[in-house]
Amino acid sequence: MSTTALLPASEHAALPRSIGYPSGIGLIVLAQAGWFGYLASRGWFYGDDLSYLGAASGEDLDWQYLSAPVNDHFVPGLRLLFWLMNRGTGLNYDITIVVRMALQALATVLVYRLIVMLAGRRPGAVVLTGWYAFGTLLLPGSLWLTTSVDLLCSQLLVILAIDLHVRYTVTGRIRLALATAIALLGALSFWELSGITALLLAILSLGFLHTGTTGQRLRAALRRWPGWLILAGALAGWLAYFLSGPYGGAAHTLDPGSALHVLGVGWLDALGPALLGGPWRWFYRGEVYFPIADPPLAAVLLGQACILAAILVAWRRSGIRSLLAWSLPVLTFVLGTLVVALGRFQVFGDLTPRSFNYAFPIAVPLTVAAALALLPSAAAEVANRVTGRGQPDAQAAAPARWRQMAAAPARRRQIATATLGTLFLVSSGLSAVTFTHRWAQNPSESYVDRLTTSVRNAGPEVNLWDSRVPPSVLAFFSEHNHVSDVLRLAQLPAHFQDAATEPMLVKDDGSLAPAALFPLATQIGQAKGSCTRLVQGQGSWTIPLSKRLGSNEYFLQISYLQQKGSVLYFSVRDQAGKTVAPEAGQRRELPYQLANLYLRLPLTTVESLVLRSESLDTNICIGAIVVGVPYALAAK
């Protein structure tokens, strides 16, 4: 960084035009895109990616689909993009990399533009943009497709909302206030915690866009009441819809001790190390491929030292206003961490605050805060840059100062800045490489490749158990994590639980194997050759099972004998007495004289089988009933 980064914005305006900051930003954007593209290419779809893609299959693009909860979140923007990917890109992962590279490049350009508007066009703006672009706060959240759809899109809209709010505050143009509210609502449609930005806008206005005493600043902010009213109305409408819908159900209480613990872990293990390009080391256990920080003690201590150094330097440059600037990322961190912990801490414990997916939204407020605290600029200068008016008269003295500062001390500062920048890039690169080394080991791509190859080789008439995909490939808690969901995305035909042949099992590595149903509960006629239940005419029959089964996804195998084809309605009764339909509904046509019927049940307990007939001509002998899970038969 050149010494000009330390000049006030008003003086920097008169520096020689040959410095060429836009080309510096272009280099940063290109380097960031290339680096991100390389790292992203080491991974593939993982976890929720295939689940959300599968959830869009067969769905109309209507509000019912867009507003459906996603793990108790209200994120219609995420649903929209996965619907588009389902129809447009399918399992083409490379296209998603290119799109994400473009989105992050656009975000980096917008961050630089925002910094320049707030602090002026000086080398410090380029340095801060470089820190933002190559910092580890962005990287893990950008590499995983699901979080990048959430976070990259919301980040772009948050940057726009801040930019538009600054312009509205300066000019008072209502269309800018409307655009601010729309941008923030758009961000909320991808990531609900983007709503914290509204609080940051108030701090930004009172602390850095208005002048005078506290009372004068408040009165100036109130003169922009139409914009605040529009923003408050938009957020109130969103919140009312959220609270009235089936969202946020995973939230639990968090006692003060746990809240402080969560904040402490996040501050020490995630936020602090990220400032210097950490955490260097990631949590590796079992089938965990998420960006969970596990920093060594050195990274923790150096991170806290960086925080202290930034506070002291900013105090020297901006005084008490620097604390107001630093409140932007601190408020984002505290509120975001606590809200996430309400829904995740009881299940995931300390992994929650150490997840860099949840640290991602801090990147923009932290960069803006650093610009305000380290590159101070008067409110009048911000207004001049927004309106394009001339610079203050003080710029005339700048060339002389520039010549005085361009001597040996300036070169020493440049060397120090280059050294620190190089160390930061090495640190950040180390963290990125160690994360993607583990990220590249997730088995999703090899599983899907082997599955699709096996199904193609078996032909379109292959009959499969529609079992769950391993949790190392597809999120266990998703409703769309079955073999049929993956094959539908791959556009490969197959039969599932077809009575014509014995279904085969997809093993954990994606290969096919002959299989049978392991019995967990049964019901068989007492006399040899007799029916478990004779179903004749209209009516309903309840057949108790040999044992009550706890909650799981089970399969049913029902043998039957009949003279001619018929239709029956099948369901099970759970331990609470509730009737539960099989996947694809209760109605089943039974076309064969002697065959087995296979049904997949949703996640449920099972106590008995319920049959219903609506035809007087029904005459079926129900034989053995087996409830269980499929297993691969040993090779002969």
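Which two cysteines form a disulfide, and how far apart are their sulfur atoms? I looked this up first. Cys531 and Cys621 form the pair, with their sulfur atoms 1.9 Å apart. I note here that the model is a predicted one.

**Entry: the disulfide**

I searched the whole structure and found one disulfide. The two partners sit in distant parts of the chain, 90 residues apart. I placed Cys531 in the loop between β4 (512-523) and β5 (533-536). Cys621 belongs to strand β11, which runs over residues 619-632. I then checked the handedness: the torsion about the S-S bond of Cys531 and Cys621 is about -125°, so the disulfide is left-handed.

Are the two cysteines of the pair buried or exposed? Cys531 has a relative accessible area of 28%, and I list it as partly exposed. Cys621 has 14%, which is under the 20% limit for buried, so I list Cys621 as buried.

I looked up two further cysteines. Cys153 has a relative accessibility of 11% and counts as buried. Cys306, at 31%, is partly exposed.

**Entry: the whole protein**

I wrote down the overall figures next. The protein has 636 residues, and 52% of them count as buried. I noted 23 helices and 11 strands. The C-alpha trace spans about 105 × 50 × 45 Å along its principal axes. The accessible surface comes to about 28,200 Å², and carbon and sulfur atoms hold 62% of that surface.

How much of the contact set joins residues 24 or more positions apart? Among contacts with a separation of 6 or more, such residues account for 80%.

I also looked at charge. There are 47 positive and 35 negative side chains. The centres of these two sets lie 14 Å apart.

**Entry: helix α5**

I turned to helix α5, which covers residues 76-88 and has 13 residues. From its first C-alpha to its last, α5 reaches 18 Å, close to the 18 Å expected at 1.5 Å a residue.

Which residues of α5 are buried? I list Pro76, Gly77, Leu78, Arg79, Phe82, Trp83, Met85 and Asn86. The cover over these buried residues includes α3 (48-55), α4 (63-66) and α6 (93-119). It also includes α9 (145-171) and α23 (483-489). Just after α5, I noted that Gly90 takes a positive phi of about 55°.

**Entry: Leu275**

Leu275 lies in helix α14, residues 256-275. Its relative accessibility is 19%, and Leu275 counts as buried. What does Leu275 touch, leaving aside neighbours within four places in sequence? I found Trp131, Gly303, Cys306, Ile307, Leu366 and Phe424. Cys306 in that list is the partly exposed cysteine noted above.

I also looked up a distance to Gln32, which is 243 residues away from Leu275 along the chain. The C-alpha atoms of Leu275 and Gln32 are separated by 17 Å.

**Entry: Arg438**

I looked up Arg438 last. Arg438 is found in helix α21, residues 408-439. Is this arginine buried or exposed? At 12% relative accessibility, Arg438 counts as buried. Not counting residues up to four places away in sequence, Arg438 touches Tyr284, Arg285, Gly286, Glu287, Val288 and Tyr289.

Key. Residues are numbered from 1 along each chain as its sequence is written. This is a predicted model: local features need pLDDT of at least 70, side-chain atom pairs count only at pLDDT 80 or more; totals for chains, interfaces and linings use all residues. Side-chain values use heavy atoms; hydrogens and water are left out. Helices (H or I, at least four residues) and strands (E, at least two) are DSSP runs, numbered from the N terminus. Buried means under 20% relative accessible area, exposed over 50%, partly exposed in between (1.4 Å probe, protein chains only). Contact means heavy atoms within 4.5 Å. Accessible areas come from the Shrake-Rupley method with a 1.4 Å probe; for residues, only the protein chains shown count as cover. Lys and Arg count as positive and Asp and Glu as negative; His and the chain ends are not counted. The place of a charge is taken as NZ of Lys, CZ of Arg, CG of Asp or CD of Glu. A disulfide is a pair of cysteine sulfur atoms within 2.5 Å. The expected span of a helix is 1.5 Å times one less than its number of residues.
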